[in-house]
Amino acid sequence: VFTANPEESLTVPEATQYFVGVNPWDKQRALRLLVKQEKPALAIIFCRTKRSVDKVAAGLTHDGIAASPIHGDLMQAMRERVMPGFKTGKIHVLVATDLASRGIDVHEITHVINYDIPEDPEVYVHRVGRTARMGATGKAFTFVSHGQAQLQTEIEKLINQLMGEYRIDGF
């Protein structure tokens with residue numbers, strides 16, 4: 001990972017940032033393999049829509065990875081059950097929209113996965129800021145599909161850093 005001048009980066013150096021080249025139709029398989037390979041202690045997976053949050057969480061659960069969705073359409077009782085579970089480590093994988101993630105203040109998040117690359121580079125900075133807090137290390141992965149290289153370039157310009165390419169075993 002290259003940084004021209006770390007003092008000018010909007011993300012902390014303790015957050016190692018990667019991109020994963022993936023076809024849109026193969027993202028769920030890539031995610032399953034990535035989570036199984038990395039074995040995150042606490043991870044947040046970001047999706048663009050509530051519908052994709054539900055779909056991704058259900059897919060991971062189907063694949064034997066306990067994942068809980070969180071977004072604005074969830075009933076308050078469900079949100080109140082999910083968040084304490086995530087904060088205490090009973091839930092290891094949270095699948096969230098950007099709006100739902102605003103209230104998440106958990107310092108031990110080891111992995112951030114951008115299942116959907118954000119259209120706005122500043123949203124990327126906000127997402128990655130969820131890991132590597134208070135001196136801890138963390139990893140951030142961004143799925144980039146064909147036609148999304150410009151979004152990746154805009155993010156790299158904003159953070160003044162190139163993302164390293166990450167290869168998932170068996171993918």
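**Exercise 1. Determine what share of the protein chain's 171 residues counts as buried, and how the chain's overall size compares with the globule rule.**

Solution. Of the 171 residues in the protein chain, 50% count as buried, where buried means under 20% relative accessible area, exposed means over 50%, and partly exposed lies in between (1.4 Å probe, protein chains only). Before going further, note that this is a predicted model, in which local features need pLDDT of at least 70 and side-chain atom pairs count only at pLDDT 80 or more, while totals for chains, interfaces and linings use all residues. Residues are numbered from 1 along each chain as its sequence is written, and side-chain values use heavy atoms, with hydrogens and water left out.

Next, take the radius of gyration, which is computed over C-alpha atoms, the globule rule being 2.2 Å times the number of residues to the power 0.38. For 171 residues a compact globule would have a value near 16 Å, and the protein chain has 15 Å, which agrees. Along its principal axes, the C-alpha trace spans about 45 × 35 × 25 Å.

**Exercise 2. Describe the largest pocket and the residues that line it.**

Solution. Begin with the term: on a 1 Å grid over the protein atoms alone, a pocket is an open set of points where a 1.4 Å probe fits, with protein on both sides within 12 Å along at least five of seven lines, and lining residues have an atom within 4 Å of a point. The volume is the space filled by probe spheres set on the points, which are joined across faces, edges and corners.

The largest pocket holds about 250 Å³ of space. It is lined by 13 residues, of which Pro 24, Lys 27, Ser 52, Lys 55 and Tyr 115 are the closest to its centre. Two or more lining residues come from each of helix 1 (27–38) and helix 2 (50–62), and helix 2 gives the largest share, four residues. Helices here are DSSP runs (H or I, at least four residues), strands are runs of E with at least two, and both are numbered from the N terminus.

**Exercise 3. Locate Lys 39 and Asn 160, and state how exposed each residue is.**

Solution. Lys 39 is found in the loop between helix 1 and strand 3 (43–46), has a positive phi near 50 degrees, and is exposed, with a relative accessible area of 65%. Asn 160 is found in the loop between helix 6 (149–159) and strand 8 (161–162), has a positive phi near 55 degrees, and counts as partly exposed at 23% relative accessibility. For comparison, most residues other than glycine have a negative phi.
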